[in-house]
Amino acid sequence: MLKNQNITIIGGGIGGLTASIALAQRGAQVTVLEQADAITEVGAGLQISPNGFRVLNALGLGARAQEMGLRSSGVWLRDGLTGREVMDLDFQKTAPEDVFLLFHRADLIDLLAEGARKAGVDIQLGKQVNAVVQNAEGTTVSLQDGTRHRADYLVGADGLHSVVRGVLNKAHAPFFTGQVAWRAIVPASGREQTEATVFMGPGRHMVTYPLRGGSVVNIVAVEERSEWADEGWFHKDDPANLRRVFSGFCDDAMALLERVEDVHVWGLFRHPVAGRWHKDRMAILGDAAHPTLPFMAQGAVMAMEDAWVLASSLDKAGLDKGGAFYQSQREDRATQVVEAANKNARNYHYANPIARFAGHNLLRAAGRMAPRAVYGRFRWIYDEDVTRR
């Protein structure tokens with residue numbers, strides 16, 4: 001049903017580019033409008049879990065993804081203050097068939113952009129959207145440069161501050177979670193394992209993992225605080241502030257932080273899942289529909305799942321009914337993942353020493369005695385395969 005249909009996607013991030021490939025491979029004529037003038041290295045590292053890898057593989061990008069990313073061997077939980085191991089979840093023992101990849105965001109964007117262009121997608125950079133108008137004649141996108149763009153169908157993959165979400169839904173003010181996060185990339189020592197390491201401490205935690213063949217290490221550090229920081233990735237901070245907050249952490253953690261020269265900080269805000277994901281010939285996906293906190297590493301992957309299901313739904317049900325079919329398949333799952341991420345942060349931040357001792361010992365015992373059961377708690381996320389729909 002999509003052959004020669006003119007579909008426009010606002011946003012050239014992971015969700016938008018994934019959608020562009022999935023739609024173009026089904027015969028649509030796809031244009032991506034991206035406001036940035038160039039694809040930059042903003043955003044640093046990403047973890048792509050098996051449910052996201054299945055989408056890449058179905059798009060024909062699986063082999064190249066494994067070449068460009070690092071295959072993660074597991075998750076290592078450590079007491080941030082002492083450095084003592086709490087749990088070492090080895091994926092080779094718990095789920096050897098599952099593919100977890102550690103990716104630099106820019107590398108994944110490059111992979112998807114290459115795939116999109118090969119599929120015939122027209123990617124237009126430097127296209128700032130001012131407004132979206134939908135009427136009986138179709139959908140028109142007005143751009144900052146004064147031009148207008150007509151589409152048979154419009155997809156909003158334009159993130160937290162989505163123009164398209166604003167057309168479909170009333171505005172809802174987000175609220176500050178009481179947490180801020182720093183992102184940084186530092187040179188690797190060469191001794192890092194290909195796994196995600198989580199240093200857990202009172203009121204704060206830090207996640208690290210290698211990228212780009214192990215040449216660099218990605219750092220995401222989260223602190224609970226009463227003062228808020230602006231939302232978004234683009235707010236530079238002084239590395240001394242990051243080191244001050246995590247002073248008292250173990251030597252391994254501080255050795256990484258001592259190498260930080262460039263760091264960005266952003267406030268973590270809770271947004272409601274959008275009530276309406278579609279209207280007529282318009283739909284939203286990813287953060288535009290269901291912004292997700294980073295505590296389950298599912299934000300990018302949920303956008304990829306959305307993209308595949310939207311393309312499949314439009315192909316099967318047509319442009320007029322496909323949006324409703326898409327939302328009916330995605331809303332419950334996305335909401336459950338958002339809620340899981342909301343709850344997961346507190347598991348790392350025991351402030352009371354007695355509670356921290358008890359909590360860490362429970363995790364330690366579970367990791368030793370029943371690692372498959374620990375992994376099994378997240379099977380409902382990782383086992384999903386939207387490409388079978």
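Predicted model: local features only at pLDDT ≥ 70, side-chain atom pairs only at ≥ 80, totals over all residues.
**Figure 1. The edge-to-face pair of Phe100 and Tyr375.** The structure contains 10 aromatic pairs. In the pair shown, the ring centres of Phe100 and Tyr375 are 6.3 Å apart and the ring planes meet at 75°, so the geometry is edge-to-face. The two partners come from distant parts of the chain, 275 residues apart: Phe100 belongs to the loop between helix 4 (91-94) and strand 7 (101-104), whereas Tyr375 belongs to helix 11 (residues 371-376). Both Phe100 and Tyr375 are buried. Together with Phe91, Phe378 and Tyr382, they form one aromatic cluster.

Figure 2. Ser72 is located in the loop between strand 4 (70-71) and strand 5 (74-79). Its relative accessibility is 7%, so Ser72 counts as buried, the cut-off being under 20%. Residues up to four places away in sequence being left out, Ser72 touches Phe91, Phe100, Leu102, Thr194, Glu195 and Ala196. Among these contacts, Phe91 and Phe100 are also members of the aromatic cluster that includes Tyr375.

**Figure 3. Nonpolar cores and the contacts of Leu23.** The largest nonpolar core comprises 65 residues, and Leu23 and Leu108 have the most contacts inside it. Helix 9 (residues 299-344) gives the most to this core, contributing 12 residues. Apart from its neighbours within four places in sequence, Leu23 is in contact with Leu2, Ile7, Ile9, Ala28, Val30, Ala311 and Leu314.

Figure 4. Helix 8 spans residues 251-258, and its residues Ala253, Met254, Leu256 and Leu257 are buried. These four cover an arc of only 155° around the axis, which places them on the same side of helix 8. An α-helix has 3.6 residues a turn, so residues three or four places apart point the same way. On the other side of helix 8, Asp251 and Glu258 are exposed.

**Figure 5. The position of Arg388 after helix 12.** Arg388 is found in the segment that follows helix 12 (379-382). With a relative accessibility of 73%, Arg388 counts as exposed. The C-alpha atoms of Arg388 and Val55 are separated by 9.9 Å, although the two residues are 333 residues apart along the chain.

**Figure 6. Overall context of the close-up views.** The protein has 12 helices and 19 strands. Of its 389 residues, 55% count as buried. Among contacts with a separation of 6 or more, 76% are accounted for by residues 24 or more positions apart. The accessible surface comes to about 16,900 Å², and carbon and sulfur atoms make up 48% of this area.

Notes: Residues numbered from 1 in each chain as written. Heavy atoms only, no water. Phe/Tyr/Trp six-rings, centres within 6.5 Å; stacked < 30°, edge-to-face > 60°. Helix = DSSP H or I, 4+ residues; strand = E, 2+ residues; numbered from the N terminus. Buried < 20%, exposed > 50% of the residue type's maximum accessible area, 1.4 Å probe, protein only. Contact = heavy atoms within 4.5 Å. Areas by Shrake-Rupley, 256 points an atom, 1.4 Å probe, with all protein chains shown as cover. Core = buried A, V, L, I, M, F, W, Y, C linked by side-chain atoms within 4.5 Å. Arc of directions from axis to C-beta.
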